[in-house]
Amino acid sequence: MASNLVEMFNAALNWVTMILDAPSARAVVFGVPIQGHFLVEGVLGVVIVILLSLKSYTPPKRPLTEQEIDELCDDWVPEPLIPPITEDMKHEPPVLESAAGPHTTVNGKDVVNFASANFLGLIGHEKLLESCTSALEKYGVGSCGPRGFYGTIDVHLDCETRISKFLGTPDSILYSYGLSTMFSTIPCFCKKGDIIVADEGVHWGIQNGLQLSRSTIVYFKHNDMESLRSTLEKIMTKNKRSKNLRRYIVAEAVYQNSGQIAPLDEIVKLKEKYRFRVILDESNSFGVLGRSGRGLAEHHGVPIEKIDVVTAAMGHALATEGGFCTGNVRIIDYQRLSSSGYVFSASLPPYLASAAITAIDVIDQNPDMLVKLKQNIALLWKGLSNIKGMSLTSNPESPIVFLKLENSRGSAKEDLLLLEEMADRALKEDSLLVVSSKRSFLDKCRLPLGIKLYVSAGHSESDLLKASESLKRLASELLFKS
Amino acid sequence: MITIPYLTAVSTYFSYGLLFAFGQLRDFFRRFLDWWLTSNLQGYAPICLGHEDFYIRRLYHRIQDCFERPISSAPDAWFDVVERYSNDNNKTLKRTTKTSRCLNLGSYNYLGFGSFDEYCTPRVIESLKKFSASTCSSRVDAGTTSVHAELEECVTRFVGKPAAVVFGMGYATNSAIIPVLIGKGGLILSDSLNHSSIVNGARGSGATIRVFQHNTPSHLERVLREQIAEGQPRTHRPWKKIIVVVEGIYSMEGEICHLPEVVAICKKYKAYVYLDEAHSIGAIGKTGKGICELLGVDTADVDVMMGTFTKSFGSCGGYIAGSKELIQYLKHQCPAHLYATSIPTPSAQQIISAIKVILGEDGSNRGAQKLARIRENSNFFRAELQKMGFEVLGDNDSPVMPIMLYNPAKIPSFSRECLREKVAVVVVGFPATPLLLARARICISASHSREDLIRALEVISKVGDLSGIKYFPAEPKKIEHTNNDIKLD
């Protein structure tokens, strides 16, 4: 037993000496003989492998204990739900006591009304009231259900057919609220990754739709065709992938925020050159522009098939509520299942749909209302053309007449207060109801603020004269104080 | 929670798989046929990508006649459904002039105000003649009439909050209010089955959104604690504010929210509560004041109360009720108030009259009768359906009761057979519900009489046997005398 161990020990010693003394294990480095360098290199190699395989040092993860979470929850102080109320937030709007026609009653006084978008004077028209009354007696007030679940009443289908026939498009779809039309239509066709080129002056409904669609949005300068052309050029040349993406141009026919009219013929030329699709909001031009009131396409002589999607709110010339969208059959059918404002919301009350049908019939049969409206607009333009301190920025043919403030008072807030004061004094002193610009903090539009007047075919010459004189007087008083 | 029997789940998956496979096969052949007749797009990208409307073209079109059925009368307890026919295999449906008088189990007409009412309709016509159909203007310009002022005052009295503001559409109310209340740096905790308008409003606000399990206050508490401790994503700064959004009655489940627990949790963790009472206002509670009355929650504890007028009041529009400062701020900043046309004056008058009837201020007790009737109708109907062996969801007292169908083939079979027997029901499938959980949804109204309900039960039982949807064992029929009296509280 002991001899075996001694033998093994001697054998090991022999091995070691052999390794150290073997001729191949001898080397001379820098004049120093080293013996057994293979052994040394082998040991170093093993040490390197061990070091590399060690994991780097991470401090151990310690999740928060329940007590720590409790402390954090106790310490956290939320902001108040709303910021503190300031004086200007307490402003009350005028309360009407009769129908919002060209003349209305506020506080017992008769007032000339330029604040309702009643362009053709159809508020109070007896044919509309008749059809509304019979619809109310037959169908009640509400429709009690979304379109998919027994909320489709035959007047809705008749209204859609009537609109398509009037405009000459294949199909239409009715929405129950004007504002929801645009912010439901746009996310239907524009998804993440698509490209939308929109005017910077579009109203909040369109802005909300653009935001919900999650597409890439590029704004061009308000109603500037040169800016539009260069933006389209940049998009098409910069990105080679753009050819496979869906591309849209979004514009309004008559801009709510400035009263300008979009040059549709140039937009269509650009659209055909760069292969974009056009989504047009005709809320303020339906029933107003064009020889028979068929909107911007008739006004510029462009065939309606060239515009891919036309939407409009009916709360303007048609003196009812709701909105519609028209276009080709595939587009409209797709919206019936994927447009959230259509599928998940109750349908339009039937009496408003029947009012829309009657309103379109009235427009068809009385084209002289449009002529009277054009005359009124021209008269008002003449009266308001030389007010010191405010200038007309709207198009001479648009039914929304916009007077912008030439010199801003410094901040948007002060301008808003000044305009509000002007409108209040116009109501109190001259019995004139006009609109001063209002801006929500959610609104991204940065167009100049001013006074808006909605001209109606029901206004008489004396009304228009009164408006011009009153605004001239107030502008000189309020804008040139010390 | 709905638990599907295993066999049903397998057969439902199989059915969808078969439909999907057939759809793909047809699309494949269609691509050949269309190869030489592609509409000349000339460089435009196609407006609807192939797979986006696959569901519409291959699955939805087959059962299209079950949806969007037009009616030609008021949505009362009995109404006229217009008959339609199709020449091209259900792709387009054409109206005929024939109608069939059916029992209405689908409209949201909880208190029966959906048709001509002896108190409301004459007043509505009067206000129409005085103020005309619309004001054509937003509330801040010239859209506020004396009727609107009266309406807001009525709503505050009814709901029990200091102030209220009214909008023209319920969907737009949610979409426009939530971005005003909260923005980037805030947190929205919303129930997993919240309505699409709340989801849209939350997305539009830019705040971070976290979802908690449907109607589970314990999960809400867990998520709240985690989120407050962690802070904003990536920067870990503390949240600016937290809003918890819940609904009174969930329209696809018929369940009532566990509001007392949610309010207690939110008070403890200093979060704000936003309650959407679209279906529950006017329909539940002893005097119809909604879920707060039913569950005994103080209205001062709920920060923002939202509701719609389409369901129980037979009109259109939505409201927000809260403290005076909140409403003043909203009237100054909310885009739906500043830019959108105001609610039409006749609709506003209908709501005022309906509220007066419910509160009994018109001098009769029709309001109390209606409320008692809808409660009794819902409980009776639900109990009878469960006795027959149907799988019915929802809590007691809720007028919405979904009956589970599961299999996609049963959706059209249930709907068409019921229509043949002159009962109009609503069936819902994907995408409004999860893929496997298709259901038929019954909405009870106070204008249904006991005979109407018994007739409906007979028809549904017969059709249920035919379609095979009695998933639970039926209770054996007890020989007892049915009591036909209507009890008044």
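Residues 6-25 of chain B carry the UniProt annotation "transmembrane region", taken from an unreviewed entry. The model shown here is predicted. In it, this span is 100% helix and 0% strand.

Next, look at where the two chains meet. On one side, 108 residues of chain A are in contact; on the other, 107 residues of chain B. The size of an interface is often given as the accessible area lost when the parts come together. Between chain A and chain B, the buried area is about 9500 Å². Carbon and sulfur atoms give 64% of that area. Three residues stand out on chain A: Trp76(A), Leu81(A) and Tyr150(A). They supply 11% of the area that chain A buries against chain B, more than any other three residues.

Polar links also cross this interface. The rule finds 38 residue pairs in polar contact between chain A and chain B, counting pairs with both residues at pLDDT 80 or more. The side of chain A that touches chain B is made up of 55 nonpolar, 25 polar and 28 charged residues. There are four salt bridges between the chains. One of them joins Asp70(A) to Arg225(B), with the closest N and O atoms 2.7 Å apart.

Finally, turn to one residue of chain B. Glu118(B) sits in the loop between strand E2 (94-104) and helix H3 (120-131). Its relative accessible area is 58%, so Glu118(B) is exposed. Glu118(B) and Pro344(B) are 226 residues apart in sequence. In space, their C-alpha atoms are 21 Å apart.

How values were computed: Residues are numbered from 1 along each chain as its sequence is written. Chains are lettered from A and ligands numbered from 1 in the order in which they are written. This is a predicted model: local features need pLDDT of at least 70, side-chain atom pairs count only at pLDDT 80 or more; totals for chains, interfaces and linings use all residues. Side-chain values use heavy atoms; hydrogens and water are left out. Contact means heavy atoms within 4.5 Å. Buried area is the accessible area (1.4 Å probe) that two parts lose on being put together, summed over both. A salt bridge is a side-chain nitrogen of Lys or Arg within 4 Å of a carboxyl oxygen of Asp or Glu. A polar contact is a pair of N or O atoms within 3.5 Å; within protein, one must be able to donate a hydrogen and the other to accept it, and residues adjacent in sequence count only if both atoms are side-chain atoms. Ala, Val, Leu, Ile, Met, Phe, Trp, Tyr, Cys and Pro count as nonpolar, Asp, Glu, Lys and Arg as charged, and the others, Gly among them, as polar. UniProt positions are given in the numbering used here, feature names are shortened, and annotations may be inferred rather than shown by experiment. Helices (H or I, at least four residues) and strands (E, at least two) are DSSP runs, numbered from the N terminus. Buried means under 20% relative accessible area, exposed over 50%, partly exposed in between (1.4 Å probe, protein chains only).
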